[in-house]
Amino acid sequence: LVQVFAGLLHLYNSGACHRDLGLDCMHTTLCGPHHLIRITNFCYALHRPGPITATTFVYGYHELKWLGGTDSRLPPEIMDTPENAQTLDYSHTDCFSAGCLLYEMMGQENPFEQDSGLVYSHYSEQNLPPLFPSTTVHPSHLQ
């Protein structure tokens, strides 16, 4: 997971947003005794070269023909954008997708695939299935 976040940080610092991050976009390569994870499949990615600013990941609604990749990997603020919106802010999209990816890496289904209406609504942590369903893990144990 650390390699995935390092890859996302590199994308972000390069002015890129993947928009469809999932297990099917992760490929491993054996490099000596270690496995390296590569993020692939950039067909839905957005890229703005240059210095990162507050508007690097903000696109005019008219600039895009489509919101992005898989609905269950896009955050509610993108999926629930009104048709008359002037802009879309993709700055947090890959972080949202990484959270969904964490469920998949733990052997569970993406909660937004389980309940497709969830991505179009306001939800809280209580609306999501536990990440570790068979045991109770206190956040202090994850440090």
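Where is Pro130 found? Pro130 lies in the segment after helix 4 (111-114), where helices (H or I, at least four residues) and strands (E, at least two) are DSSP runs numbered from the N terminus. The model is predicted, so that local features need pLDDT of at least 70 and side-chain atom pairs count only at pLDDT 80 or more, while totals for chains, interfaces and linings use all residues. Residues are numbered from 1 along each chain as its sequence is written, and side-chain values use heavy atoms, with hydrogens and water left out.

**Pro130 and its surroundings**

With a relative accessible area of 49%, Pro130 is partly exposed; buried means under 20% relative accessible area, exposed over 50%, and partly exposed in between (1.4 Å probe, protein chains only). Not counting residues up to four places away in sequence, Pro130 touches Tyr103 and Gln108, contact being defined as heavy atoms within 4.5 Å. Pro130 and Lys65 are 65 residues apart along the chain, and their C-alpha atoms are separated by 35 Å.

**Nonpolar cores**

The largest nonpolar core has nine residues in all, namely Val4, Leu8, Leu11, Ala16, Leu21, Met26, Ile39, Ala98 and Leu101. A nonpolar core is a set of buried Ala, Val, Leu, Ile, Met, Phe, Trp, Tyr and Cys residues joined through side-chain atoms within 4.5 Å. At least two residues of the largest core are supplied by each of helix 1 and helix 3 (93-105), and helix 1 gives the largest share, three residues. Apart from this core lies another one, of eight residues, among them Phe57, Tyr59, Leu64 and Tyr90. Within the largest core, Leu101 is in contact with Val4, Leu21, Gly22, Leu23 and Met26, leaving aside its neighbours within four places in sequence.

Leu1, Phe5, Leu23 and Met105 make a nonpolar surface patch of about 330 Å². Patches are made of residues with over 30% relative accessible area and no salt bridge, with like charges joined within 9 Å and nonpolar side chains (Val, Leu, Ile, Met, Phe, Trp, Tyr) within 5 Å. A salt bridge, in turn, is a side-chain nitrogen of Lys or Arg within 4 Å of a carboxyl oxygen of Asp or Glu, and accessible areas come from the Shrake-Rupley method with a 1.4 Å probe. Phe5 is found in helix 1 (residues 2-13) and counts as partly exposed because its relative accessibility is 40%.

**Aromatic pairs**

A search of the whole structure finds three aromatic pairs, in which rings of Phe, Tyr and Trp (its six-membered ring) have centres within 6.5 Å, and planes under 30 degrees apart count as stacked, over 60 as edge-to-face and the rest as tilted. Two of these pairs are set out below.

| Pair | Centre to centre | Angle between planes | Kind |
|---|---|---|---|
| Tyr12 and Phe57 | 4.8 Å | 20° | stacked |
| Tyr59 and Tyr90 | 6.3 Å | 80° | edge-to-face |

Tyr12 lies in helix 1 and Phe57 in the loop between strand 4 (46-47) and strand 5 (58-60), so their pair ties together parts that are 45 residues apart in sequence. Tyr12 counts as partly exposed because its relative accessibility is 35%, whereas Phe57, at 4%, counts as buried.

Gly15 is placed in the loop between helix 1 and strand 1 and is buried, with a relative accessible area of 0%. Leaving aside its neighbours within four places in sequence, Gly15 is in contact with Leu46, His47, Arg48, Ile52, Thr56 and Phe57. Thr53, in the loop between strand 4 and strand 5, counts as partly exposed at 46% relative accessibility. From C-alpha to C-alpha, Thr53 and Gly15 are 9.1 Å apart in space and 38 residues apart in sequence, while Gly15 and Asn84 are 26 Å apart in space and 69 residues apart in sequence.

**Positive phi angles**

Arg19 is not a glycine, yet it has a positive phi of about 70°. Arg19 has its place in the loop between strand 1 (16-17) and strand 2 (26-31), and counts as buried at 6% relative accessibility. Asn41, also not a glycine, has a positive phi of about 60°. Asn41 lies in the loop between strand 3 (34-39) and strand 4 and is partly exposed, with a relative accessible area of 34%.
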